[in-house]
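I opened a new model today and took notes as I went. These are my entries, in the order I made them.

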Amino acid sequence: MTAWVLVTRDADELDGTRALLVSRGIDLVAFPVLAEVAWRDDVAWVEAEAAVPRLTWLAFTSRRAPAALLRAGGPLVTRLAALPVAAIGEVTAEAAAASG
C-alpha cells in the first residue's frame, strides 16, 4: 500500500519534494493553501524609503520576493538594489540571483 502525504504547495513547486517522497514509497497530493498577492501599503513604502540610508542589507526570505519587488518598481527598488543581498535558503538565493 502506498502512503500519501498532503503537501501545502502548488504542484508545479513540488518536483524535488515529489521525487524524494516517491523514492521512499510515498506519493503526494498538492494542496496549495496560499495565493500570491502583491502587498501594497503606501505608508510602508514611504517608511521603507526613509529607512534606506540606515539599511546595510536587503534580506529575502521568500523565493517570490525578489521578482515581486522588481515588479513593484520605483525609486525604492533602485535604491535597494545598491545594497548587499542575503537570502534565506538556496531556492531564495537562486531567485535573487536570477532577478539581478
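**Contacts along the chain**

I began with the contacts in the protein chain whose separation is 6 or more: 60% of them join residues 24 or more positions apart. I note here that the model is predicted.

**Overall layout**

Next I looked up the secondary structure. The protein chain has five helices and four strands. I read their order along the sequence as β-α-β-α-β-α-α-β-α.

Then I turned to dimensions. The C-alpha trace spans about 60 × 25 × 20 Å along its principal axes. I looked up the radius of gyration too. It is 18 Å for the protein chain, while a compact globule of 100 residues would have a value near 13 Å.

I checked burial and surface as well. Of the 100 residues, 19% count as buried. The chain exposes about 7,300 Å², and carbon and sulfur atoms supply 61% of that area.

**Two helices**

How do α3 and α5 pack? I found an angle of about 30° between them, with the axes 8 Å apart. Angles under 35 degrees count as roughly parallel, so α3 is roughly parallel to α5.

From α3 they are Pro66, Ala67 and Leu70. From α5 they are Ala95, Ala96 and Ser99. By class, this contact has five nonpolar residues, one polar residue and no charged ones.

**The loop between β1 and α1**

I picked two residues in this loop. Asp12 is found there, between β1 (3–7) and α1 (15–23). Leu14 has its place in the loop between β1 and α1 as well.

Which of them is buried, and which is exposed? Asp12 has 63% relative accessibility, and over 50% means exposed, so Asp12 counts as exposed. Leu14 has a relative accessible area of 0%, and under 20% means buried, so Leu14 is buried.

I looked up what Leu14 touches. Leaving aside neighbours within four places in sequence, Leu14 is in contact with Val7, Arg9, Leu28 and Ala30.

I also took C-alpha distances. Leu14 and Val29 are 15 residues apart in sequence and 9.9 Å apart in space. Asp12 and Ala30 are 18 residues apart in sequence and 8.9 Å apart in space.

**The loops on either side of α2**

I moved on to Val37. It lies in the loop between β2 (26–30) and α2. Its relative accessible area is 66%, so Val37 is exposed. Ala81 is 44 residues away from Val37 along the chain, and their C-alpha atoms are separated by 22 Å.

Then I went to Val52, in the loop between α2 (42–51) and β3 (58–60). Is Val52 buried or exposed? Its relative accessibility is 9%, so Val52 counts as buried.

Which residues does Val52 touch? Not counting residues up to four places away in sequence, I found Leu76, Arg79 and Leu80. I took the C-alpha distance to one of these: Val52 and Leu76 are 8.1 Å apart in space and 24 residues apart in sequence.

**Last entry**

I set the two valines side by side in my notes. Val37 is exposed, whereas Val52 is buried.

Note on methods: Residues numbered from 1 in each chain as written. Predicted model: local features only at pLDDT ≥ 70, side-chain atom pairs only at ≥ 80, totals over all residues. Heavy atoms only, no water. Axes fitted to C-alpha atoms, helices over the stretch in contact; angles between N-to-C directions. Parallel < 35°, antiparallel > 145°, perpendicular 65-115°, else oblique. Contact = heavy atoms within 4.5 Å. Nonpolar A, V, L, I, M, F, W, Y, C, P; charged D, E, K, R; others polar. Rg over C-alpha atoms; globule rule 2.2 N^0.38 Å. Buried < 20%, exposed > 50% of the residue type's maximum accessible area, 1.4 Å probe, protein only. Areas by Shrake-Rupley, 256 points an atom, 1.4 Å probe, with all protein chains shown as cover.
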